[in-house]
Amino acid sequence: MAVAIDGLPPLREVIATHELAAKKSLGQNFLLDLNLTSRIARIPGDLSSASVLEVGPGPGGLTRGLLAEGAGRVLAIEKDARCLPALAEIAAAYPERLDVVEGDALDINPLSHLQAPIHVVANLPYNVGTELLVRWLTPANWPPYWASLTLMFQKEVAERIVATPGSKAYGRLAVLAQWRCEARIALRLPPEAFTPPPKVSSAVVHLRPRPEPLHPADPEVLSRVVAMAFNQRRKMLRSALKGLGGDVEGLLSDAGLAPTERAERVDIAGFAALARALAAR
């Protein structure tokens, strides 16, 4: 049975009052259990002196969890104007702690609204989740402006982020995430936790940035070789990396990699060595 975490109405009532049927076109699946949203809000640790960025709050279930758990300041970016009245009610209940910005998170700079340290906590819309994650993992400067990422994804995306070499899920996302972050699955949720229930299970991934990447490499070069290698993951590296031009086998030899190896078996150290060898050409 759901327990009230604040004096606001239950989320089902909020959705009915404001006629907030989830839109498939916006990748919306609302998380209505406030016990669960509070559990997610606790994953990053104490947020009382921190700023929090939330993307796609919808009717505000996770927003309420964050504020009830003591987050100092929350910036919620919402593209769906239908949700703004419900979010305004939450802002009124938590004076000066919630700012709501209407717009696309891909176009908004959080640093225009928040001061570091910023913790990103979001039940990401399915259609932009991976793109946002890659942006957060590949900023111009490292360490990044964010102190942690606590993000809800479809289960298969979450498993790709934490995957290890040799597994089917291992790929570009795993290398980009784990090269610069410590990543773990913090919570798993069944489809019935959401309205409407998605066809797949979901999971919350928690990432903390490493002070320095695991192995030295130029980020752009690493991103390029990893994308190329996994674009044809079943091919041997000497074939998959032909697009790099020149003596690919010599390049692989310089990196200590066998030309007959496949991308899914190369660890992060191997990809970093390959990026260094390419940059040294």
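**Group meeting: cores, sheet and cavity**

Let me start with one residue. Leu66 touches Ala41, Leu47, Val52, Glu54, Ala71, Val74 and Val121, leaving aside residues up to four places away in sequence. Keep in mind that this is a predicted model.

Now the core around that residue. Leu66 is among the residues with the most contacts inside the largest nonpolar core, together with Leu31, Ile40 and Leu189. That core has 35 residues. Which elements supply at least two residues each? On the helix side, they are α1 (11–18), α2 (34–42), α3 (61–68) and α4 (84–93). On the strand side, they are β1 (30–31), β3 (73–78) and β7 (181–189). Helix α2 gives the most, with four residues.

How many strands form it, and in what order? Seven strands make an open sheet, and the order reads β4-β3-β2-β5-β6-β9-β7. The pairing is mixed. Strands β4 (98–102) and β7 are at the edges. Each has a single partner strand, so one side of each has no neighbour in the sheet. On average, neighbouring strands are turned by 20° against each other, direction ignored.

Let me zoom in on one pair. Strand β2, residues 51–55, pairs with β3 in the parallel sense, over five bridges. Within that stretch, Val55 stands opposite Ile77 of β3.

Take α5, residues 129–137. Helix α5 touches β2, β5 (118–123), β6 (146–154), β7 and β9 (202–209). The direction of α5 makes about 160° with that of β6. Then there is α7, residues 172–180. Helix α7 lies across β7 and β9 and runs at about 120° to β7.

Last, the voids. How many cavities of 30 Å³ or more are there? The count comes to one. The largest cavity has a volume of about 40 Å³. What lines it? The residues are Leu8, Pro9, Val14, Pro59, Arg64, Ala86, Glu89 and Ile90. Helix α4 brings the largest share of that lining, three residues.

Technical notes
Residues numbered from 1 in each chain as written. Predicted model: local features only at pLDDT ≥ 70, side-chain atom pairs only at ≥ 80, totals over all residues. Heavy atoms only, no water. Core = buried A, V, L, I, M, F, W, Y, C linked by side-chain atoms within 4.5 Å. Buried < 20%, exposed > 50% of the residue type's maximum accessible area, 1.4 Å probe, protein only. Contact = heavy atoms within 4.5 Å. Pairing = 2+ DSSP bridges. Axes fitted to C-alpha atoms, helices over the stretch in contact; angles between N-to-C directions. 1 Å grid on protein atoms, 1.4 Å probe; cavity = no way out; pocket = protein on both sides within 12 Å on 5 of 7 lines; lining within 4 Å. Points joined across faces, edges and corners; volume = space filled by probe spheres on them.
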